[in-house]
Amino acid sequence: MQADFRGSTALVTGGTRGIGRALVDAFADAGANVAFTYRSSSDTAAALVDTLDEQGTEALSLQGDVADLETAQAHVDAVLDRWGTLDVLVNNAGITRDGLMLRMTEDDWDDVIDTNLKGAFNFCKAAYMPMMRQQSGTIVNISSVVGTTGNAGQTNYAASKAGIVGFSKSLAKELGSRNVTVNVVAPGYVQTDMTDELDADTHESILDAVPLDRLAEPDEIADAVLFLASPAADYITGHVLHVNGGLSM
Ligand code: NDP
């Protein structure tokens with residue numbers, strides 16, 4: 001994605017691995033100042049900041065649990081203290097705790113909803129006033145194809161990802177008059193640690209169902225996010241951009 005984000009500040013939750021890491025790299029390559037959050041990968045986060053520094057990107061790593069509202073507020077405040085603006089927020093951090101409903105525990109449910117859905121709420125709430133005051137900003141929330149299609153063994157995850165869609169469309173309606181856009185990217189299956197956990201049979205059946213016959217690379221999801229965050233998408237809000245190789249049409 002050839003977008004110019006020089007002078008802009010992007011905050012990516014869950015930036016140490018997978019799609020989040022691809023997002024950090026993409027925004028850095030496009031010239032943005034980049035802040036990213038993570039939960040536990042401190043060494044990876046420190047190494048990533050060093051790499052970005054060497055490349056000439058101003059970078060900030062922020063440790064904490066996205067499920068905690070005070071943490072989200074502190075992270076947004078840290079970005080504002082450092083750069084004065086928050087132009088792009090990407091709510092990417094997410095987890096799975098898969099299992100048939102029969103065996104799913106209350107903790108499995110709560111952990112996934114708290115991280116994937118409440119996490120996005122927390123960061124949007126923290127960014128709400130600053131972006132309103134700026135009269136500019138763009139938020140991209142990461143959903144999933146299973147938020148639309150459903151998936152046996154993922155009632156918690158699918159609920160969180162479907163929730164992201166209704167949440168984002170509602171927020172888009174609240175913030176539109178302030179020149180703040182809110183959109184969703186819904187990936188299909190992407191080659192990351194999350195999908196590395198899938199067994200060979202599941203992997204095979206996914207490939208059978210994907211017309212493009214492969215998983216996505218993380219940077220292909222980042223491309224879609226950068227498009228929605230770029231000036232080329234200034235008149236797009238409340239949109240769900242499916243990036244799934246044709247898995248669901
Ligand atoms: P990964 O498991 O590879 O990386 C997850 C990232 O989120 C890590 O940086 C991790 O930090 C961070 N994270 C997880 N939980 C928390 C938390 N509670 N607080 C703060 N940070 C947290 O995930 P993916 O790259 O595969 O997925 C990224 C997003 O894309 C998720 O929302 C996922 O649901 C969605 N998605 C992924 C698909 C896929 O096929 N991979 C398909 C569709 C959607 P740390 O390293 O410290 O643990």
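**Notes on the fold**

1. Thr96 counts as buried because its relative accessibility is 14%, where buried means under 20% relative accessible area, exposed means over 50%, and partly exposed lies in between (1.4 Å probe, protein chains only). Thr96 is found in the loop between strand 4 and helix 4, and, leaving aside neighbours within four places in sequence, Thr96 is in contact with Val112, Gln154, Tyr157, Met194 and Glu197; contact here means heavy atoms within 4.5 Å.

2. On the basis of these comments: this is a predicted model, in which local features need pLDDT of at least 70 and side-chain atom pairs count only at pLDDT 80 or more, while totals for chains, interfaces and linings use all residues. Residues are numbered from 1 along each chain as its sequence is written, and side-chain values use heavy atoms, with hydrogens and water left out. Helices (H or I, at least four residues) and strands (E, at least two) are DSSP runs numbered from the N terminus.

3. Seven strands make up an open sheet with parallel pairing, in the order 3-2-1-4-5-6-7, two strands being paired if DSSP finds at least two bridges between them. Strand 3 (59-63) and strand 7 (240-243) stand at the edges with a single partner strand each, so one side of each has no neighbour in the sheet. From one strand to the next the twist averages 15°, with angles running from 0 to 180 degrees between N-to-C directions and axes being lines fitted to C-alpha atoms, for helices over the stretch in contact.

4. Strand 1 (residues 9-12) is covered on both faces, with Thr9 and Leu11 buried on one side and Ala10 and Val12 buried on the other. Strand 1 pairs in the parallel sense with strand 2 (residues 33-38) over four bridges, and the bridge partner of Thr9 in strand 2 is Asn33.

5. Which residues have the most contacts inside the largest nonpolar core? They are Phe5, Leu23, Phe27, Phe36, Val90, Val185 and Val225, in a core of 37 residues, a nonpolar core being a set of buried Ala, Val, Leu, Ile, Met, Phe, Trp, Tyr and Cys residues joined through side-chain atoms within 4.5 Å. Among the elements that each supply at least two residues of this core are helix 1, strand 4 and helix 9 (218-229). A second, separate core has 24 residues, including Ala72, Val76, Trp83 and Val182.

6. Helix 3 (residues 69-83) packs against helix 4 (residues 106-134) at an angle of about 35°, with the axes 7 Å apart. The residues of helix 3 that meet helix 4 include Leu69, Ala72 and Val76, and those on the helix 4 side include Phe123, Ala126 and Pro130.

7. Please look at the backbone of Gln135, which has a positive phi of about 60° although it is not a glycine. Gln135 lies in the loop between helix 4 and strand 5, and it counts as partly exposed because its relative accessibility is 40%. Asn179, likewise not a glycine, has a positive phi of about 65° and lies in the loop between helix 6 and strand 6.
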